[in-house]
Every structure is written in structure tokens, then in C-alpha cells.
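Please read it alongside the sequence and the coordinates.

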Amino acid sequence: MYLKEALKNIDIESLGMDKDFSTLLKQSDYIFRFFSELSSEGKKISDLYEMDTYAYYHDHLDILQEIYTQYIAILDRHNMVDKINLPQEYALNVPYIEQYDEIILYYEGYFSAHEFELVQSVAARCSLSIHFTQTKFNVKNLTMFEKFGLCLHIDHHYCIDITEQKIVHETPIEVHKQNISVEPLGQRINQIGLIKHSIVEMVKQGIDPVNIVVLLPDESFHVMLKLFDNEHYFNFAMGESIQESLLMKVGHAIYKILIDYEPKDHDKIMRYNLNHELINQTFKTNLNKRLDKTVYTQLIDLLLAYETRKELLDKIEVELLGLEKLLFHHSVKINFKDAFKIILQKLGQITLDDVKGGKITVMGLLETRALSFEGVIVVDFNDHIIPKRSVKDKFISTSIKKLVGLPTPKDREDLQKYYYAQLFSNAKMIHIGYVDDEQSGLSRFAHEIFDEKVILKYGKNYDNILYQAKEVHSWDENIVLDIDLSLKEWSATSLKIYLQCKRQYYFKYIKKIQEHFISLKPQGFEMGSILHKALELMYQNLDRSQSKEEFIQALNGLIDQGVGKNSYLILDAQIWKRKLSKFVQLEFERFSQGAKPIALEQTFKIKHQNIVLKGSIDRIDRLANDELLVLDYKTSSMLKIDTVKNYEKSDDFQLEFYYVAVQEMFGVDSDIQCCYYDLHKAQLKDEVAMDPKLLRLEKILDELKTSTVNFEKCEDKKACEYCAYKIMCGR
């Protein structure tokens with residue numbers, strides 16, 4: 001928030017950054033870490049000017065210098081200390097240091113200039129020694145200790161007395177036999193199977209589970225791992241994130257409703273039983289106004305109502321105390337929307353200790369420093385994850401950083417290699433997994449740390465381990481019911497499903513297990529439904545004095561109205577509006593020949609052969625010769641019509657249902673013709689096999705008079721490809 005204040009009159013767009021607060025929350029790390037790095041290495045922006053010989057970065061450096069000046073001034077004005085100005089503001093607590101006879105420091109990696117300055121200051125007042133391991137990956141140490149006239153060797157353990165500036169002891173790293181495998185896997189989730197397999201293998205080799213670690217380079221993977229921890233193997237050092245808590249889900253839902261409401265968000269309001277009036281009349285009204293304490297309190301009270309765990313509420317209370325001090329006692333100017341974003345960000349960082357875990361520790365890379373394990377399992381050893389990219393390397397080139405004496409991307413990569421190599425060096429068994437697909441492959445670190453012989457080209461399939469406990473029950477047994485199907489009501493769709501697959505009919509119409517749709521992307525039927533509705537409204541208000549152009553314009557307006565703001569359908573709608581110009585041309589020709597719509601979306605429920613048939617007819621026209629024309633709109637580009645040669649295999653009797661229904665409505669003596677209206681090609685296509693299909697329908701309806709039915713799976717598995725129930729069937 002102070003950074004935002006510092007930036008208000010500065011052109012940060014030239015740095016590729018944005019002043020929008022939500023964006024700045026994400027991008028601010030670039031600036032903070034850059035300044036922090038300069039500070040910790042004892043460098044100034046002026047040092048960068050000197051090394052930028054060709055002035056490539058002078059414009060950027062001018063902006064960064066201005067940001068730094070403004071930001072430090074704000075910190076000084078508020079009596080604040082940040083990492084950025086800490087080296088200029090600290091004082092050593094000498095009485096605390098002098099109470100010790102000796103201090104021993106175990107350290108991994110390398111010191112920044114400021115850290116080493118502190119170490120030397122402490123060593124001047126107390127006996128201080130450092131224990132560390134020198135490898136090819138932390139050679140920056142060599143230059144530090146060269147100042148003391150000490151010569152260090154690669155692959156040695158050291159104890160150095162900083163006070164006396166001498167080596168106390170050095171021992172070479174012992175190389176012992178290790179069981180190592182680096183294994184590719186097809187999918188990220190399958191690595192959990194590898195983890196479980198590796199644990200069993202390590203325990204079989206006599207490794208105590210307490211001495212096994214699972215290292216997650218991307219710590220977010222622990223959420224997925226926890227889902228499959230049926231055996232309670234793991235304790236998670238990173239704790240339990242509250243992001244999956246009801247409190248955070250409600251918070252994110254409310255923020256989404258306020259900022260970018262979508263129709264599906266109404267379901268969240270209902271599911272979480274949210275106060276619709278509070279959200280719309282209080283939060284929405286104050287969204288872009290300066291934060292008010294009353295509105296803030298209402299929001300916090302609403303969120304806290306969704307959490308009951310005392311240990312979590314205690315942590316939240318501490319976080320909120322700091323937030324309230326920041327938001328209401330430091331004279332900051334912030335609107336409700338931005339404050340809401342900060343609240344979600346700060347609460348989302350809270351974790352609970354994992355107190356229910358098992359013996360095997362799950363850690364991130366930095367947590368493994370100075371620890372030793374006999375069994376090491378690492379997943380996500382992929383090049384886009386390892387090495388982890390730093391946000392400190394944004395503003396200037398590597399060559400200038402090297403000249404000034406700032407850590408370079410290579411230094412950071414070497415440091416990460418050091419952490420991995422140290423962890424691996426003490427292990428007896430090491431199992432590495434990575435995802436091998438079109439997007440990513442094995443990290444280059446593997447080729448530098450491991451012998452090429454241990455890198456496998458093909459991995460095992462661990463699906464049986466991963467999914468054994470989560471196996472979806474499939475109904476392989478016969479489902480036989482004593483049932484008279486002639487007592488059910490039948491639509492052309494339900495009959496088609498029954499003829500294609502009795503098992504699908506059982507799930508959908510007897511067990512009534514319905515599909516649900518949660519994606520914003522449209523389902524296959526949605527555009528067709530919009531077109532059907534637009535045509536219905538068009539013909540309900542048909543004005544025969546309209547020109548073709550006026551007709552098309554009105555129809556296009558109805559289509560746009562149906563699409564609304566669903567951006568996924570806009571392109572489809574534009575394509576259909578082009579196609580329907582041919583349809584309108586054909587319609588005007590038919591109107592001129594006397595065709596006239598007399599029924600639209602005509603629902604029916606009739607008894608035929610003592611069986612109830614039901615449905616909805618898209619349209620019925622009366623022709624000039626008084627004949628009735630039943631029309632069924634088709635929007636599929638794959639329209640296939642049965643012929644007299646193949647009708648015996650047909651399972652689609654939609655037009656036959658319509659024919660029987662129209663006979664019932666207008667009398668059996670009526671002249672009735674049935675057609676498909678192919679909207680893609682603007683063509684009327686006859687049901688050429690109408691008579692034989694009607695005879696076949698009679699036979700099928702007669703066969704529905706059952707006493708016992710075996711709802712068996714279909715034989716033709718092509719029907720399963722797009723079936724909603726194929727997982728339940730084990731297909």
C-alpha cells in the first residue's frame with residue numbers, strides 16, 4: 001500500500017507494470033525483491049549506472065531510483081523499517097551476544113554481503129565458528145573466505161573459526177553406494193502412485209519411515225497428495241492451507257460476485273446461504289468507495305460465521321489485528337474492493353499445523369536444509385519447475401549483475417542445485433519422478449546431479465496403486481427388474497436411449513440419475529436451443545408484410561438476445577446468422593406458395609396402443625393444398641436419414657411420434673407429410689421410410705408390454721463414447 005502511494009506520480013508502465021491495485025499486488029514482488037537484493041549486497045542503483053556502459057537500462061534505472069526515493073521517504077515518515085532499509089537502520093544487540101562463550105553456526109548456501117558483515121561483527125565480540133559443506137554448487141563461498149587467506153577445496157566439510165580466521169577442521173565428503181532411479185510418468189497425478197510404491201520399497205530395504213522424506217518442488221502438489229493419503233502415511237511440514245476452508249471459499253465467492261458476476265454464481269449464493277441484500281446493497285454500493293469501518297466489520301463478521309475451529313479463529317484474529325491497524329490507523333487511502341483483495345490474500349496465507357499426520361515428512365525444498373534422510377522421494381522434477389525462477393532478475397541484464405557483484409540467475413540455480421545435492425548425498429535410496437509429455441520434460445538439474453545410467457527412459461504404470469482405493473464402483477452385475485414398461489410414458493428420446501442401451505435407460509429414467517453441467521463453456525445442445533427459441537418467437541409474431549431483410553434482422557436480434565453475454569457462443573451465433581439467410585430465402589419461397597405455420601413447439605401427450613407417447617413438435621405448417629407438413633428443425637451438420645434399406649436398424653422414431661400425434665390432433669384422415677428441416681443446408685428432407693418405420697414402431701411398442709426386463713449394457717461400445725454413464729458402467 002505504501003508502494004502504491006510511492007508510484008502515484010511515476011510512469012511504471014515503462015517497466016511493464018500496471019498501477020491497478022490487484023495487478024500491483026502480484027507485481028510488487030519484482031520491485032521489493034530487486035531493492036532488497038541491492039540492499040542485502042550493499043549496492044546502490046548508482047552502481048548499476050556505472051556498469052551500464054551503453055546506457056541500455058538508464059531509463060529503467062531512473063524510474064527505479066525515483067520509486068526507491070519515494071518509498072524510503074514514506075517509510076521514514078511513518079517510522080517503518082523494511083528489508084530494503086534495514087542495513088542502514090539496525091544496531092547489533094551487543095549485551096545479548098556477549099552473554100555467550102561460543103556461537104556455532106550451521107549454514108547452507110552462501111551469505112549475502114550484509115549477512116557476512118553481521119557474522120563478522122558478531123565474531124568480533126564472541127567466539128564464532130561456521131560449519132558448512134563446500135561443493136561445486138556454492139563456489140561463491142570461496143571468494144568470501146579468500147579474504148581471510150583461507151584456501152578451500154571442493155567436496156569437503158569445513159569448520160571455520162571466524163573469530164580467529166582459521167580452518168578448525170576439514171574432511172572430504174564420503175561417497176557411499178546409493179540406489180537411485182529417475183523415472184518418467186505420463187500424468188502428474190500418477191506421481192502419487194510412484195510415491196507410495198517408493199515408500200513400500202524403502203521400508204522393505206530396512207529404512208525407518210521416519211527417515212523418509214517426500215520433497216515437493218511445487219508445494220501446491222501437497223493438496224493433491226493429501227487427497228490420496230488413505231493410509232495416513234504423511235505429515236505435511238507446510239501445514240494445512242486454509243484456502244480449502246469454507247471461510248475462504250465464501251470469501252472468494254463474494255469477491256467474484258462483486259467483481260465479475262456470472263449466472264452460475266447464483267448457485268454459490270444459494271449453496272452458501274449468503275445474505276443477498278448485504279452483498280448487493282452494502283458491499284456492491286461501497287465497492288469503489290473509501291473503506292468504511294462499518295462495512296469492513298460486516299464483511300469480517302460474515303466470513304467468520306463460516307469458521308468454527310478455535311485454533312484457526314485464533315490465528316485469524318491475530319492477522320485481523322494487524323490488518324485493522326494497517327487499514328484504519330496509518331491514514332492509508334484504500335477503497336473497499338482493494339481492501340477486500342488484501343483481506344483474502346492475508347487470510348489465505350494462514351496455515352494450520354498438521355497434527356494428524358503419519359511418520360513420513362512432506363516438505364518443500366528450503367525446509368530440507370541441514371536435514372538428513374535415508375530415503376528421498378522427489379516428484380515434479382521437470383524443467384519448468386526446477387530450477388525455480390526468481391523474480392529478482394527482471395530489470396537488468398545478467399552481465400551487469402555480474403559486474404556489480406549481485407547474484408546472477410546462474411548463482412540462484414547453483415544454490416538450488418546445492419540444496420538438492422546436499423539432500424541426496426546422505427540418502428541410501430533416491431526415487432525421482434517427473435512428467436514426460438509434450439509440454440515438459442526432465443529438469444537439466446538431473447543430468448548435472450545424477451549419473452546418466454540412473455535416468456530411465458520408460459516409467460512404470462502406477463495406476464493400480466493410485467486408483468485402487470478410489471476405484472469407482474461399476475455396475476457389472478445384471479440388473480433385472482419385474483417391470484411393465486408399457487406403463488411408463490415414452491418420448492422419442494427415451495425410446496431411442498432404450499433401444500440403444502437398456503442400461504443407460506435404467507440410469508436415466510428409472511434411477512433418474514441426471515447429468516449436471518458446471519462449465520461456463522456451452523453444451524452441444526445450447527446453440528440449437530437458442531435457434532429453436534428464436535424461430536418460435538419469430539413465427540409467433542410473424543408479420544407477412546416484412547421484407548426478407550427485415551425478417552433476417554428481426555431473427556438475428558432474437559438470436560443475439562438468446563446468446564446474451566455468453567462470449568463462448570458469440571462466434572457460433574455469427575456463423576448461424578450467415579447460414580440462416582438461405583433458410584429465410586427458402587421460407588419466403590414457401591410462403592409465396594401458400595405455406596403457413598399453424599402450430600409452434602406443440603406439446604402432446606397421447607395414448608397409442610395403450611401406451612402414453614409424449615413430445616413437442618417444432619412446427620406444423622398448412623400447405624396450399626390443405627396438407628399438413630410436420631417440421632423437425634435439425635441443427636446438426638451430421639444429419640442422417642433412414643432409408644428403406646437400413647430402417648430396420650433405426651432407433652430414431654421422432655417423426656413417427658409426431659405423425660401419430662398429429663393424426664390424433666387433426667384426425668386420422670388428414671393428409672400428413674413429415675420432414676426434417678436441415679437448417680445447415682436450408683433444405684427440407686423427407687422421412688422416406690415413414691411407412692415401414694411406423695410398422696416397426698408398432699412392433700416395438702408391443703414389445704414394451706413386459707413383465708421382466710434385463711437392463712443390460714449395449715453390445716456396440718460406440719454408443720458409450722459420449723454417454724454420461726460410461727464410468728458407472730466401467731467403460
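The sections below go from strand pairing to cores, then to a helix and to aromatic rings.

The model is predicted. A hairpin is formed by β3 and β4, with 4 residues between them. Gln165, in the turn, has a positive phi of about 55°.

**Nonpolar cores**

The largest nonpolar core has 70 residues, and the members that touch the most others are Ile67, Leu274 and Phe283. Apart from neighbours within four places in sequence, Leu274 is in contact with Val250, Ile254, Ile257, Lys268, Ile269, Ile279, Leu302 and Tyr306. There is a second, separate core of 43 residues, with Ile483, Val660, Ala661 and Met728 among them.

**Helix α27**

Helix α27 spans residues 690-703, 14 residues in total. From its first C-alpha to its last it reaches 20 Å, close to the 20 Å expected at 1.5 Å a residue. Which residues of α27 are buried? They are Met690, Lys693, Leu694, Leu697, Ile700 and Leu701. Seen down the helix axis, the buried residues of α27 fall within an arc of 120°, so they line one face of the helix. An α-helix has 3.6 residues a turn, so residues three or four places apart point the same way. On the other side of α27, the exposed residues are Asp691, Leu695, Lys699 and Glu703.

**Aromatic pairs**

Across the whole structure, a search finds 39 aromatic pairs. Two of them are tabulated here.

| Pair | Geometry | Centre to centre | Angle between planes |
|---|---|---|---|
| Phe132 and Tyr158 | stacked | 5.8 Å | 25° |
| Tyr633 and Tyr677 | tilted | 6.1 Å | 40° |

Phe132 lies in strand β2 and Tyr158 in strand β3, so their pair ties together parts that are 26 residues apart in sequence. Phe132 and Tyr158 are both buried.

The pair of Tyr633 and Tyr677 links distant parts of the chain, 44 residues apart. Tyr633 belongs to strand β17 (residues 628-634), and Tyr677 to strand β18. Tyr633 is buried, with a relative accessible area of 4%. Tyr677 is buried as well, at a relative accessible area of 0%.

Ring pairs also link a cluster made up of Trp490, Tyr498, Tyr505, Tyr506, Phe507, Tyr509, Phe711 and Tyr725.

**Ser491**

Strand β14 (residues 490-491) contains Ser491. Is Ser491 buried or exposed? Its relative accessible area is 16%, and buried means under 20%, so Ser491 counts as buried. With neighbours within four places in sequence left aside, Ser491 is in contact with Lys614 and Phe657.

Methods
Residues are numbered from 1 along each chain as its sequence is written. This is a predicted model: local features need pLDDT of at least 70, side-chain atom pairs count only at pLDDT 80 or more; totals for chains, interfaces and linings use all residues. Side-chain values use heavy atoms; hydrogens and water are left out. Two strands pair if DSSP finds at least two bridges between them. Helices (H or I, at least four residues) and strands (E, at least two) are DSSP runs, numbered from the N terminus. A nonpolar core is a set of buried Ala, Val, Leu, Ile, Met, Phe, Trp, Tyr and Cys residues joined through side-chain atoms within 4.5 Å. Buried means under 20% relative accessible area, exposed over 50%, partly exposed in between (1.4 Å probe, protein chains only). Contact means heavy atoms within 4.5 Å. The expected span of a helix is 1.5 Å times one less than its number of residues. The arc is that of the directions from the helix axis to the C-beta atoms. Rings of Phe, Tyr and Trp (its six-membered ring) pair if their centres lie within 6.5 Å; planes under 30 degrees apart count as stacked, over 60 as edge-to-face and the rest as tilted.
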